[in-house]
Amino acid sequence: MTAEAVEPHDVTAPVAARPVIRVGAPTERRNPHSADLDLMSTRDVLAVINDADRRVPGAVADVLDEIAATVDLAVTALRGGHRVHYFGAGTSGRLGVIDAAELAPTFNSPRHWFCAHIAGGPDAMWRAVEDAEDDDRGGAAEAADCVRAGDLVVGLAASGRTPYVLGALAASRAKGASAVLLCANPEAEAARSVDVFIGVDTGPEVVTGSTRMKAGTAQKLVLNTFSTAVMVRLGRVYSNLMIDMVATNAKLRGRMISILMEATGCSEEVCRRALAEADGDMKTALVSLVSGAEMSAARAALARSADQVRGALALLAS
């Protein structure tokens, strides 16, 4: 990666007078397959984009070992009473916010487990706050304020050199947190300054430099893979069924019944009755139905097994 060093910028200065950085990340290079994009038919434009997107899953597959190491760090942190933080800017930051927001309703995870931070604050979810990503001191200050020793901090930066993100990672490591950098630049210099480096090789974008495309898709896939695996390791999935979901609407309440029926082989009526007897706690109802134990015994077994369904079933079986 090559980038010109610049002095801290003054956002009040005229645009022409502000610092300039020319980034040499793979995402900034020209894609030869889309050189005539503006001359193509609509169908051909879509075909070029779709063909490029096919590269993303393979690129993610190449970094599964690094994702696995990150999952293990997160599980250790959460089991120890610590938290997972995402720090990102622009598309990367928004993807972090989305991933963190979806975990509580899907897995009933405590909302403080995953904390998402985006350069520019909440307003940056809806509009570009471009200068905010250049503020390494802002990222460092935010991390210093909320990150604690034992936490896991995941930096999200398509180019691998976003100052806000790198500032947050450096400050987090100084406080005793583990640091991971997820980017679309396998050549990122910052790889040497984190505990785990996930450099997804998605190559040049169809529209040069538009990292909301392949780079963003890769980050979405990695974050989904990472956070879902964390929830599985923490016992919030039984078989391949969501057993910690929050039933906040009619569809999800119906899904709870369907999940119980799938997991136990019991009728809808039996599952409805068990769920009511368990005060809506699907895990308790599930353990009771599978083991045949009373609800009180199912609750006690879950408490003794750190809320793990398979652990509770093993206790009741023995």
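Biologist: With which residue does Arg-273 form a salt bridge?

Modeller: The model is a predicted one. Both partners belong to helix α9 (residues 268-277), where they are four residues apart and therefore separated by about one helical turn. The closest N and O atoms are 3.5 Å apart, and the partner of Arg-273 is Glu-269.

Biologist: Is Asp-244 buried or exposed?

Modeller: The side chain of Asp-244 meets that of Arg-236 in a salt bridge, at 3.6 Å from N to O. Arg-236 has 11% relative accessibility and counts as buried. The cut-off for that class is under 20%. At 8% relative accessibility, Asp-244 therefore also falls under that limit and is buried.

Biologist: Which residues are joined with Arg-236 and Asp-244 into one network of salt bridges?

Modeller: A search of the whole structure finds ten salt bridges. Some of them share partners, and in this way Arg-236 and Asp-244 are linked into one network with Lys-283 and Asp-307.

Biologist: What is the N to O distance in the salt bridge of Arg-127 and Asp-123?

Modeller: Arg-127 is partly exposed, at 49% relative accessibility. Asp-123 is likewise partly exposed, with a relative accessible area of 45%. Their side chains meet in a salt bridge with an N to O distance of 4.0 Å.

Biologist: How is the chain divided into domains, and what distance separates their centres?

Modeller: Domain 1 covers 26-234 and domain 2 covers 239-317. The contact between them takes seven residues from domain 1 and five residues from domain 2. Taken over C-alpha atoms, the centres are separated by 34 Å.

Biologist: What area do domain 1 and domain 2 bury between them?

Modeller: The size of an interface is often given as the accessible area lost when the parts come together. Here 47% of the buried area lies on carbon and sulfur atoms. On the side of domain 1, Pro-105, Thr-106 and Asn-108 lose the most, together 61% of what that side buries. For the two domains the total is about 480 Å².

Biologist: Which helix gives the largest share of the side of domain 1 that touches domain 2?

Modeller: Across this interface the rule finds zero salt bridges, and two residue pairs are in polar contact. By class, the side of domain 1 has four nonpolar, two polar and one charged residues. The largest share, four residues, comes from residues 90-107, helix α4.

Biologist: What is the relative accessibility of Ile-243?

Modeller: Ile-243 lies in the loop between β7 (241-242) and α8 (250-264). Beyond four places in sequence, Ile-243 touches residues including Arg-236, Ile-259, Met-282, Lys-283 and Val-309. Ile-243 counts as buried because its relative accessibility is 2%.

Biologist: Which residues does Ser-227 contact, leaving aside its neighbours within four places in sequence?

Modeller: Ser-227 is found in helix α7 (residues 214-233). Ser-227 is buried, with a relative accessible area of 1%. Its contacts are Tyr-86, Asp-99, Leu-103 and Phe-114.

Biologist: How many helices and strands does the chain have?

Modeller: Of the 318 residues of the chain, 43% count as buried. The C-alpha atoms fill a box of roughly 70 × 50 × 35 Å along the principal axes. The chain has twelve helices and seven strands.

Technical notes: Residues numbered from 1 in each chain as written. Predicted model: local features only at pLDDT ≥ 70, side-chain atom pairs only at ≥ 80, totals over all residues. Heavy atoms only, no water. Domains from an automatic or database assignment. Contact = heavy atoms within 4.5 Å. Buried area = accessible area lost by both parts, 1.4 Å probe. Polar contact = N/O pair within 3.5 Å; in protein donor to acceptor, adjacent residues only side chain to side chain. Helix = DSSP H or I, 4+ residues; strand = E, 2+ residues; numbered from the N terminus. Nonpolar A, V, L, I, M, F, W, Y, C, P; charged D, E, K, R; others polar. Buried < 20%, exposed > 50% of the residue type's maximum accessible area, 1.4 Å probe, protein only.
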